[in-house]
Amino acid sequence: MSLIRVSTTLNSLRQSSLRLSTVISRWKSTEAAESIEIPNRIHRSPTAILEALASTVGRDPTAPHYKYHDDPYMVPNSNMTKRTYAMAQESGRKAAKWIKENNRELFMHSEAEPPIAAFAPEMVFTEESEVSEQTLKDLIQQCEITDAVFVYNLMKTKGIEIDDALKQSLLELVCFYNNSEPISEEFIEERWFKQGAANRDRLSKSWKDGDLAEQLFNELPKTAQSYSALIRGMCKYYQVERAYALFHESIEKQIELDTKTFNSLLLVSSFIKESGEMRWEFCVDLLRQMKERQLRPDIGTLNAALKTISTIGHHKLCRTGAIKVLSEFKAIGIEPSLGSYCYVLNIFCREKGPTSHVLVDILNEIQGKEFQIQDIRDTSFFVTAMEICRNHLHDKNLAKKLNELLHTGKNYDLIGDSYKESVYYRHYFGLLCRTEELETFMETYNHLVPNIYIPEPGIMEEILKAVEVNGALELIPRLWTDMTVFEHVNRESLVLQVLKIMQENKPMLNLEKHQGLNEQFAKIADNIYHKIADQDPIKVQKLSFSGQMLGDIISLLVRGAENQKAIDVFKFAEDHQHSIPGTPNESVLLELVDACIEEKSPSVAISCLQYSVENNMNGLQLADKIKKGFTLNENHLAKVNHLVNEK
Amino acid sequence: MSQLTRFLERNLQNPSLRLSAIQIRHLSSQAEEEKSFDDEEFRVLNLRPTQVQRQQRRVYKKDEPQPPRTKVMPVDQDWPNVWPGPRTFHPASVPLPLRQGFTEKNAPPPSKYGNAELMKIPNFLHLTPPAINRQCEALKKFCTPWPKNLETAEKWEKHFPVEIVKSDYCHALPSVRQPEARKVSLKIKLSNLKFDKHSKDKFLRLVGDRYNHENDVLTIQTDRCPTKKQNYDYAQYLLTACYYESFEVEDWEATKSLADMEVYEFEHNKSKISTEAILNWGSSGDKKKVDPGFAKSVETLINEGENEYNLKKYKEESKKLLGLK
C-alpha cells in the first residue's frame with residue numbers, strides 16, 4: 001500500500017526542491033483473518049512515465065518547432081531563416097565546446113553527482129601519456145576514432161603488446177568510419193540540415209587505400225572476422241574491386257564470411273558488374289553461395305537485393321526479379337522494411353514506364369503500422385512515395401493515406417532530414433493544390449504553413465494559379481503577405497503573376513468577401529512598386545521594372561482610388577522611359593487619364609498623351625478623353641492638337 | 001599647409017620619402033585629389049582622414065515581426081498542446097486578455113504585453129483540468145487496483161501495523177542526491193506488541209521520548225546511515241533489539257529498593273501495613289483487606305500530588321474505610 005503525498009520543502013542547498021513523494025508502507029501482520037489480495041507491481045522502464053506523459057502532447061501547428069524561441073521576434077519565417085537560426089544555435093553549441101576544450105583547467109571540477117562524462121573536457125593524449133590496453137579498449141567503446149588510432153600508434157612505439165581481439169575491434173572501428181572523424185552526434189541540427197547535401201556526393205570511392213585498416217588487417221591472423229571487417233569497410237566506401245578480390249581470396253582460403261558481409265557486397269553489385277543482366281546473375285550467384293554456406297539472410301539482404309534490381313534498366317527483368325525476391329523472402333519470414341518498399345517503388349514506378357498501382361497495395365498492407373528504422377533507406381520511403389502520388393498516380397486520396405501513415409505513432413521519425421521533409425511536403429502541396437478544392441486545400445495550408453512547411457516559389461506559383469482559376473481573389477492579400485514573409489518577393493515571375501492576377505480579375509463588389517479588395521490591391525501594388533524602386537543598389541540580383549508591370553501597378557492604384565500615387569508611378573515610368581523595356585497598355589493610360597480628370601491635373605494627362613504618342617500608340621482616344629474631361633487653356637489645347645496631328 | 005606640401009614635393013626625389021608621400025595621397029579622397037591636380041602648384045595635403053566623405057552606411061532594414069500567434073489560434077484548439085509544460089508567461093502565446101499590475105487610480109491594470117508582473121508569478125497554464133485528466137489517463141496503466149479486503153482504515157491498521165515513511169526529492173541541481181532523502185521513520189502502535197509488566201516498563205525506558213503516551217505510537221526515525229536502505233534496515237534492527245532487550249532481566253534489577261521506585265505503589269509501602277493494622281485492631285482470625293478504592297486514592301494522592309479533588313477523594317475513602325458517617 002502506498003500513499004503519495006507531494007509537498008514542497010526548502011532545501012538546505014540554495015535551491016528549492018520538490019519533495020517528490022513520501023512513501024508510507026506498512027508491514028503485514030502475521031495474523032490475517034480474511035485473505036487480502038495485493039496485486040503484483042506493474043514493472044516499467046525508468047523512462048516509461050515520461051514517455052506516457054509525452055504521449056499526451058501533440059504538435060501545435062501555430063507554434064514554431066520547439067528548437068526555436070516561441071516569440072514573434074525570434075520565430076523564423078522563411079526556409080532560410082529557419083536554417084540560419086538553427087545553425088546559429090548549433091554554432092553557439094560548438095563555440096561552447098571549443099571554449100571547454102581550450103580552457104580545460106576551468107572545467108576540471110565535477111559538480112554533478114553521479115558525474116556526467118560529457119561535461120568534463122575530453123582526454124588529450126600526447127606522446128608522454130600513460131596508455132594501456134584498457135585505454136584503447138575504452139576509446140574503441142566510445143568510438144573516439146582519432147584518439148584510438150593515436151593511442152594505438154603510441155602503444156606500438158612504446159612496444160606495448162596488443163591483444164589480437166583488441167586489434168580486431170580497432171580494425172572494425174577504423175573500417176566503419178574509414179579512419180576519419182564523423183560529425184559528432186551532439187550536433188543534431190547540422191545533421192538535420194546537412195544530410196541532404198552530403199548524400200549526393202557520397203557515391204564515389206573514398207576508401208583510404210593502404211591506410212591503417214589494411215595495416216591492421218595484415219598484422220592480424222586471417223580470420224573470418226578480419227576479412228568481414230575489411231570487406232564491409234571497403235564496400236561502404238566504394239573500394240569495390242579490392243573488396244571483391246578479398247572476397248575471392250577468402251573463398252579460396254575457405255573462410256566462412258557472415259551474412260552482413262554478403263549484404264555489403266550485394267549493395268555494391270552495380271559497381272562490380274556493368275550490365276543489368278550481369279548484375280542480376282551476380283546477385284543470384286551471391287545468394288546461392290549464401291545458401292551453400294547455410295547463412296540465413298536478413299532484412300539487409302532483402303534490401304541489398306532490391307537495390308541491385310532497382311539499378312537494372314531492363315524493365316521486365318527487374319519487375320520479375322523483384323517479385324521473385326519478395327516472394328522468396330516472404331516465404332522465409334522476413335518482413336520488408338520501409339526501405340524495401342522504397343526500392344519496390346523505384347522498380348515499379350518509373351518515369352517512362354507504364355503506370356503501376358503498387359503503392360496502393362503497399363499502403364493497404366502497412367496502414368496503421370508503426371515502424372522502426374532498420375535500414376538507412378527507410379528514411380527515403382515517405383518522400384519517394386509522395387513523389388509517386390504526385391507525379392505518377394496523381395491520386396490525392398492515396399497521398400492523404402500516406403500522410404496519415406506518416407503521422408501514425410513514431411513514424412514521423414522516419415521522415416529523414418530537413419531536405420527530405422520539405423520535398424515531401426512540396427509534393428504533397430503540389431498534388432493537393434491541383435486536385436483538391438481550393439477551400440479544403442487552404443485548410444491544409446493554414447495548418448502546415450509556416451511552422452511545419454514553407455512553400456517554395458514553385459509551389460507558390462501553383463497556388464496562385466489555383467487561386468486565379470477559382471476566382472478566389474480574397475486570398476491574394478493573405479498570400480502576398482506570406483510571400484513577403486517567405487522572401488519570395490524577389491522572384492520576378494511570382495511578382496508578375498500576382499500583378500497579372502490582380503489586374504486582370506476585377507473584384508466583384510457585389511460579393512461580400514470581395515469588399516474592400518480594390519484598396520487592398522492598391523496597397524499591394526504600392527508595396528511592389530516601392531520594393532522595386534527602393535532596392536539596395538549593392539544588391540546583386542535586382543528586380544527590374546517592365547512597362548507591363550508599371551502599367552499593372554498604375555491601373556491597380558487607380559482602381560484603389562490612390563490617384564496621386566498612380567500619377568507618381570506614371571511620372572517614374574516617363575522619366576525612365578529608356579531604361580524600362582515595354583510600355584503600359586493603352587487601356588491603362590485611359591484609366592490614368594480618368595484619374596487625372598478626377599485630380600484636375602491636365603498637365604499630367606497631356607504628358608500621358610505625349611508618352612503614348614512617343615511610344616507609337618494611337619492617341620486619338622486619349623486626346624478625346626482629355627478634351628472632354630478638361631476645359632483646357634490655349635497652350636494645352638495647342639499641345640494636344642499638335643500631338644494628335646503629328647501622328 | 002601648402003608650405004608643407006611644397007616641402008614634400010621638393011623632397012620627392014628622395015626615394016625614402018616618396019613612399020610616405022604616396023601614402024598621404026591615399027588618405028585624401030578621390031574628389032580632393034582631382035581638385036589638387038587642377039591647380040598643379042599648390043596641392044593640398046589633407047592630414048585629417050576624418051574629412052574624407054564616408055560612404056553612406058547601409059541601412060539594415062529589419063523585418064517586421066509577425067503578429068502574435070494568438071491571432072491565428074482557432075477557438076477549438078487543443079490547449080495542452082500549446083502549453084504542454086511549466087513556462088514563463090508569454091503574451092503572444094496565451095490568447096487571454098490578462099491584466100495585472102499597479103496603475104494610477106481609475107485606470108485599468110496594464111495589459112499582458114510587456115508586462116513583467118505576469119512573467120514574475122508562476123502560472124499553472126499547463127495544469128488545466130483537461131491536461132491533468134489526460135495525464136492521469138496516460139498514467140493509469142501503471143496503477144494496480146486497491147487490494148481487496150483492505151477498504152477501511154481500521155483494516156489497514158489491523159493487517160499492516162508497522163508504518164514506514166520514506167521520501168524522494170526532485171530538484172534542479174547537477175546532483176541527484178538529497179540529504180533529506182536518506183531519512184526513514186518507522187511507526188507502530190505499542191498495543192500491537194505483547195509485553196508483560198516488566199518488559200513494558202523496560203521498553204518504555206529504552207525508547208524514551210520516542211513513545212507518544214497520548215496515542216500509544218512509537219516512532220523510530222533513523223538518519224545516521226548514508227543511504228535510505230541502510231537506515232531502513234537500522235530502524236528495523238532498533239525495534240527488534242529494543243523489544244527483545246526489554247524481556248531480559250538483569251541480576252541487579254532484583255536489588256531495586258523502595259527508594260528506587262518511580263511511582264508510589266500502595267501494595268509495597270508502609271501505608272498498607274499501617275492501614276491493615278488499624279483495620280484489624282484487636283481482632284484475630286480473619287484479617288480484613290484494604291478496600292481497593294482506598295488504595296487507589298492514596299496512590300493518586302501521592303503520585304499526582306495534593307489537590308482539592310484528590311484530597312476530597314481521600315477523605316471520602318478514609319471515612320468509608322473507617323465506617324464514619
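Modeller: In chain A of this predicted model, 70% of the contacts with a separation of 6 or more are made by residues 24 or more positions apart. The secondary structure of chain A consists of 30 helices and two strands. The C-alpha trace of chain A spans about 110 × 75 × 65 Å along its principal axes. The radius of gyration of chain A is 35 Å, whereas a compact globule of 647 residues would have one near 26 Å. Of those 647 residues, 31% count as buried.

Let us turn to the helix pairs. One pair is formed by helix α10 (residues 259-267) of chain A and helix α13 (residues 299-310) of chain A, whose axes come within 8 Å and cross at roughly 15°. Because angles under 35 degrees count as roughly parallel, α10(A) is described as roughly parallel to α13(A). The crossing in which α10(A) passes α13(A) is left-handed. On the side of α10(A), the contact is made by Thr259(A), Lys260(A), Phe262(A), Asn263(A), Leu266(A) and Leu267(A). On the side of α13(A), the residues that take part are Gly300(A), Thr301(A), Ala304(A), Ala305(A), Lys307(A) and Thr308(A). Sorted by class, the residues in the contact of α10(A) with α13(A) are five nonpolar, five polar and two charged.

A second pair is formed by helix α24 (residues 517-533) of chain A and helix α25 (residues 547-559) of chain A. Their axes lie 8 Å apart, and the two helices pack at an angle of about 145°. The crossing of α24(A) and α25(A) is left-handed. From α24(A), the contact draws on Asn518(A), Phe521(A), Ala522(A), Ala525(A), Asp526(A), Ile528(A) and Tyr529(A). These residues meet Ile553(A), Leu556(A), Leu557(A) and Arg559(A) in α25(A). In the contact of α24(A) with α25(A), eight residues are nonpolar, one is polar and two are charged.

Thr223(A) belongs to the loop between α7 (212-219) and α8 (224-236) of chain A. Thr223(A) counts as partly exposed because it has 14 C-beta neighbours inside 10 Å. From C-alpha to C-alpha, Thr223(A) and Ile49(A) are 47 Å apart in space, and 174 residues separate them in sequence.

For context, the other chain described here is chain B, which has twelve helices and four strands. Of the 325 residues in chain B, 9% are buried. Among contacts in chain B between residues at least 6 apart in sequence, those that join residues at least 24 apart make up 51%. Ser93(B) is located in the loop between α4 (79-82) and α5 (116-120) of chain B. Ser93(B) is buried because 20 other C-beta atoms lie within 10 Å. Apart from its neighbours within four places in sequence, Ser93(B) is in contact with Arg69(B), Thr70(B) and Val82(B), and also with Asp70(A) of chain A. Ser93(B) and Arg69(B) are 24 residues apart in sequence, with a C-alpha to C-alpha distance of 6.1 Å.

Terms used. Residues are numbered from 1 along each chain as its sequence is written. Chains are lettered from A and ligands numbered from 1 in the order in which they are written. This is a predicted model: local features need pLDDT of at least 70, side-chain atom pairs count only at pLDDT 80 or more; totals for chains, interfaces and linings use all residues. Axes are lines fitted to C-alpha atoms, for helices over the stretch in contact, and angles run from 0 to 180 degrees between N-to-C directions. Angles under 35 degrees count as roughly parallel, over 145 as roughly antiparallel, 65 to 115 as roughly perpendicular and the rest as oblique. A crossing is left-handed if the near helix is turned anticlockwise from the far one by less than a right angle, and right-handed if clockwise. Two residues are in contact if their C-beta atoms, placed from the backbone, lie within 7 Å. Ala, Val, Leu, Ile, Met, Phe, Trp, Tyr, Cys and Pro count as nonpolar, Asp, Glu, Lys and Arg as charged, and the others, Gly among them, as polar. The radius of gyration is taken over C-alpha atoms; the globule rule is 2.2 Å times the number of residues to the power 0.38. A residue is buried if 20 or more other C-beta atoms lie within 10 Å of its own, exposed if 12 or fewer, and partly exposed in between; C-beta atoms are placed from the backbone.
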